[in-house]
Amino acid sequence: MLKVSRKAGGEPEIFHSIQGEGVSMGKPSVFLRLATCNLACRWCDTKYTWDWQNFDYRTEVVELAPEDVERRITPYDCKHVVVTGGEPMLQQTELEPLLESLAADGYSFEVETNGTLIPQPAMLSHIGQWNVSPKLRTSGNPEEQREVPLALETFAQMANAYFKFVVSVESDLDEICALSDRYSLAPERVLLMPEGRTPDSLARKSSWLTEACVRLGFRFATRLHILLWGDERGR
Ligand code: SF4
């Protein structure tokens with residue numbers, strides 16, 4: 001069974017929209033949001049997927065068989081699926097039959113992950129693009145939890161992995177440069193994205209962040225879905 005997040009109305013958070021972040025920003029996609037996470041970022045904007053101190057698991061999560069998830073994906077006129085979370089790699093074993101079945105029908109996939117879990121062979125064969133978002137000190141997670149060297153080394157060696165850093169403050173940049181050096185991340189596969197849940201907060205950080213990208217050779221990325229719809233769930 002897959003633990004799927006629910007929309008505000010209680011339906012599983014499976015929806016058709018455009019990719020709001022990263023290198024495929026703007027691409028029409030079906031989103032599948034899986035619940036639970038192995039980290040606890042201070043600024044997480046999907047705490048309803050994992051923070052059971054403040055959210056009720058039974059209200060926020062529905063457990064569905066892969067074929068039920070597939071039945072909710074296939075009616076959309078779109079054969080590209082973004083698997084997001086929470087941390088979807090916690091459910092990679094449960095995801096396999098869904099990915100296999102959809103792949104046989106011509107679907108392509110990208111996964112949003114925090115980069116702390118090593119992909120299994122079935123995931124490697126099905127996922128066309130990895131959006132890896134390593135967490136920094138300002139996320140509030142202990143270092144040994146947020147940086148798992150073997151996992152990051154694995155992703156760093158994959159040509160279809162992009163590294164998307166959420167930047168809260170200018171001092172995050174030194175940490176990103178150090179990580180980038182440590183794992184030999186190709187600058188053209190590193191994206192810096194301002195942290196923020198409102199268009200105003202994104203705008204405040206975007207000017208100095210674009211300048212930093214020009215200086216450091218990284219790519220700038222914004223959060224298109226926040227600019228379009230704010231912090232609304234299921235868009
Ligand atoms: S890794 Fe992602 S889902 Fe998990 S707490 Fe951090 S931002 Fe939220």
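Strand E6 (108-113), strand E7 (129-132), strand E8 (161-167) and helix H7 (172-182) are among the elements that cover the buried residues of helix H6, where covering rests on contacts, meaning heavy atoms within 4.5 Å. Helices (H or I, at least four residues) and strands (E, at least two) are DSSP runs, numbered from the N terminus.

Before going on, a word on the model: it is predicted, so local features need pLDDT of at least 70 and side-chain atom pairs pLDDT 80 or more, while totals for chains, interfaces and linings use all residues. Residues are numbered from 1 along each chain as its sequence is written, and side-chain values use heavy atoms, leaving out hydrogens and water.

Which residues of H6 are buried? In H6 (residues 149-156) they are Ala151, Leu152, Phe155 and Ala156. Because these cover an arc of only 135 degrees around the axis, they sit on the same side of H6; the arc is that of the directions from the helix axis to the C-beta atoms. Buried means under 20% relative accessible area, exposed over 50%, partly exposed in between (1.4 Å probe, protein chains only).

Now for the protein chain as a whole:

| Property | Value |
|---|---|
| Secondary structure | nine helices and ten strands |
| Box of C-alpha atoms along the principal axes | roughly 45 × 35 × 35 Å |
| Buried residues | 53% of the 235 residues |

Among contacts with a separation of 6 or more, 73% join residues 24 or more positions apart.
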